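Please take the sequence and the structure below together, and read the paragraphs that follow with both in view.

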Amino acid sequence: MSTDTRNVQPLRVEGVTVRFGGIVAVNDVSFTVQPRTIHALIGPNGAGKSSCFNAITGIYTPASGQVRLGETVLTGTPPHKIARQGIGRAFQNLALIGTSSVLDNVMLGRYSLTKGQFMAYGMRLPWTMRQERAHQDRAAEICDYMGLSHRLHTPAGALSYGEQKRVDLARALCVEPTVLMLDEPAAGMNSSETAMMAALIHDLRDDLGISVLLVEHDMSLVMGIADRITVLDFGRRIADDVPAVIQRDPEVIKAYLGGAPDESGESAEAAAISSEETSA
Amino acid sequence: MSDTEIANPPATPETTGTTPVTARRSTAARVAPLIGWAVLLLVLFLTPVYVPGEWLSVLCWIMAGGVAAMGLTMLIGQAGQFSLGQAFFLLLGGVTYTVLAADGDAEYIGFGLPPLVALIGTIIISGLAGAAFAPISGRLRGIYLGVASLSLVFLGYYLSHELPMLAGSASSGRYAPTFSVPGFDFGETNPQLLLLNVPMGAAERQFWLFAGLTVIAYLVGQGAMKGRVGRGWRAVRDNEAVATVMGVSVPGEKAKAFAISSAYGGLAGVMVVWWYSGLMKPDEAVELGTYSTYTTIALLAMCVIGGLGSLGGAIAGSALVFGLPLALPLLTGSNQTVDASGTAFTPIVITNLVFGILIVLIVLFEPRGLAGLGTRLRNLIRR
């Protein structure tokens with residue numbers, strides 16, 4: 001996939017608070033995704049990671065604080081205009097349109113980069129057709145990079161789970177993002193698939209020169225590729241540092257071991273953290 | 001394992017070759033649809049020569065229903081918004097065209113605009129009326145939106161009775177001019193034009209007009225649904241969060257979908273008035289008649305039978321739902337649509353049974369409707 005020199009700006013989350021009624025999902029959280037880094041957002045279930053993602057992409061309106069991309073304030077921008085600023089997002093739960101072809105799904109990512117309303121497309125005006133072909137070529141190029149070129153015209157619903165994950169990622173890349181947001185890219189994958197995903201994310205950053213912000217539970221992936229990690233617990237930021245420091249942070253270990261060490265998901269992650277720690 | 005590099009320089013481009021990425025379709029694959037369309041247009045052009053007038057009338061009625069159902073199927077099947085209000089937009093379209101095109105007199109309001117201007121004006125006004133429903137359609141979804149839009153049918157019934165100077169009285173109605181463009185009158189009753197020695201009278205000309213409008217409505221809808229607009233609508237239908245993050249304005253696209261669907265409804269409403277030879281007459285009851293709750297359900301049935309979201313399916317659905325009640329008497333030789341000599345099985349009853357059974361069968365065995373059957377058939381042939 002051709003590399004372009006994108007003007008990658010730092011994504012700053014500044015004192016963002018998200019409330020649902022009386023519940024504070026994200027409490028005064030700040031962190032900065034530096035250009036061309038892989039930044040991980042981790043924390044136990046319910047820590048506010050997804051709410052934080054939704055606040056950045058404008059799905060939720062923060063009660064206070066703001067999100068800035070370079071000098072542009074994203075908070076308060078109509079949510080559908082945020083993609084145009086260069087924020088691409090892949091989803092946790094495979095939000096593809098199963099009956100549409102892979103190309104059609106991926107082309108949704110070009111929505112904010114294209115123009116043309118009902119009549120322009122309905123009358124097949126020459127400029128809309130030219131635009132459509134040019135953007136389909138680029139979308140196909142991205143699919144090719146993701147190893148999906150032989151699947152372009154297959155309904156997305158007919159693909160395997162791993163392939164659907166890649167379609168989702170390809171769609172996010174079609175936004176031509178400067179910041180790529182990945183919500184649990186390795187969820188439901190086995191260890192070899194996770195390793196491949198980690199390599200892919202690393203390559204994406206290197207090839208495209210973009211920032212990656214990811215939420216992930218798989219500690220081997222996070223510790224392996226992240227340049228910096230922000231840890232959330234009960235909506236608060238409890239740590240923000242490089243992986244080597246995070247692994248030794250007593251508050252992080254406490255958050256993962258928590259008051260209920262028997263809870264399956266959390267203890268597994270805690271074990272993963274401590275094993276990473278011993279190996280480090 | 002590098003975890004401290006903050007600003008990596010972009011790596012050298014990893015080019016993946018220069019092959020064209022979208023496999024361009026072969027010339028044959030590109031020309032085949034064009035030939036198909038040319039043949040279809042030729043067939044449509046020659047149909048009035050070979051098909052008797054009463055059957056042309058059936059085909060025209062199917063096309064009027066098909067246009068209304070195309071709008072509805074895009075709204076429900078592509079944009080994911082349930083509506084039971086399409087019959088209201090038929091009424092609105094009919095009344096608007098009549099008011100714009102007919103001459104005013106002491107009893108009725110009319111502007112006497114040229115029919116083409118009135119037609120375009122009607123489509124725009126119907127679309128705007130649909131957009132005006134946006135505050136409601138944007139806040140409700142599913143069955144709640146269906147019930148709210150159903151209220152439009154009752155509203156239309158009430159207003160058409162309250163405003164006879166616009167809609168005509170419920171007992172006698174009022175007349176709108178038939179369509180004509182300078183040099184060609186589609187309502188010509190004393191034709192000089194002969195095609196293969198067959199005089200092209202009002203019925204034949206009406207068929208050309210309806211076929212032309214239906215083909216245009218189909219092509220425009222298909223083009224939009226295949227492109228950016230359709231992708232946005234499908235995203236809104238399946239996952240609003242994804243749609244938003246990808247740059248689709250969810251409230252905006254919902255409003256546009258409703259407006260487009262209503263514009264199709266308005267066009268169909270004009271076709272209905274033409275089909276009745278220009279008679280615009282409000283229903284005498286809200287549950288039975290041209291613009292009634294019955295019609296609104298029938299239009300929904302067309303969409304389900306045809307396969308939700310499929311434009312071709314909508315026309316096929318209309319052929320069953322609107323076509324059967326008119327075609328059955330012609331087939332059986334009886335010339336009555338309502339009463340068939342003492343039997344309880346009138347064409348309307350038979351049609352209701354047929355489309356009732358079809359809906360059940362389709363929901364059970366082929367949720368993609370007739371369009372899904374068509375796809376299966378095509379796949380069988382290709383193998």
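**From loops and strands to the interface**

Glu184(A) counts as buried, because its relative accessible area of 11% falls under the cut-off of 20%. The model in which this value was computed is a predicted one, and that should be kept in mind throughout. Glu184(A) sits in the loop that runs between strand 7 (179–183) and helix 6 (191–208) of chain A, and its phi is positive, about 50 degrees, although the residue is not a glycine. As background to that value, most residues other than glycine have a negative phi.

Arg36(A) can be read alongside it. Arg36(A) is a residue other than glycine with a positive phi, near 60 degrees, and its place is the loop between strand 2 (23–33) and strand 3 (38–42) of chain A. Is Arg36(A) buried or exposed? With a relative accessible area of 19%, Arg36(A) is buried, since the cut-off for that class is under 20%.

Leu91(B) counts as buried because its relative accessibility is 7%, and, leaving aside residues up to four places away in sequence, it touches Gly156(B), Tyr157(B), Ser160(B), Met280(B) and Tyr291(B). For one of these, Gly156(B), the separation from Leu91(B) is 65 residues in sequence, while the C-alpha to C-alpha distance is 7.1 Å.

The two chains can now be considered together. How much area do chain B and chain A bury between them? The value is about 4500 Å², of which 59% is on carbon and sulfur atoms. Of the area that chain B buries against chain A, 19% is supplied by Arg228(B), Arg231(B) and Met246(B), more than by any other three residues. Counted by residues, the contact takes 47 from chain B and 54 from chain A.

The interface also has charged and polar pairs. Across the interface of chain B and chain A the rule finds 3 salt bridges, and Asp104(A) forms a salt bridge with Arg234(B), in which the closest N and O atoms are 3.0 Å apart. The count of residue pairs in polar contact between chain B and chain A, with both residues at pLDDT 80 or more, is 9. On the side of chain B that touches chain A, the elements that give two or more residues are helix 8 (202–226), helix 9 (228–238), helix 10 (240–245) and helix 11 (250–275) of chain B. Helix 9 of chain B provides the largest share of that side, 9 residues. Sorted by class, the side of chain B that touches chain A has 22 nonpolar, 13 polar and 12 charged residues.

Key:
Residues numbered from 1 in each chain as written. Chains lettered and ligands numbered in written order. Predicted model: local features only at pLDDT ≥ 70, side-chain atom pairs only at ≥ 80, totals over all residues. Heavy atoms only, no water. Contact = heavy atoms within 4.5 Å. Buried area = accessible area lost by both parts, 1.4 Å probe. Salt bridge = Lys/Arg side-chain N within 4 Å of Asp/Glu carboxyl O. Polar contact = N/O pair within 3.5 Å; in protein donor to acceptor, adjacent residues only side chain to side chain. Helix = DSSP H or I, 4+ residues; strand = E, 2+ residues; numbered from the N terminus. Nonpolar A, V, L, I, M, F, W, Y, C, P; charged D, E, K, R; others polar. Buried < 20%, exposed > 50% of the residue type's maximum accessible area, 1.4 Å probe, protein only.
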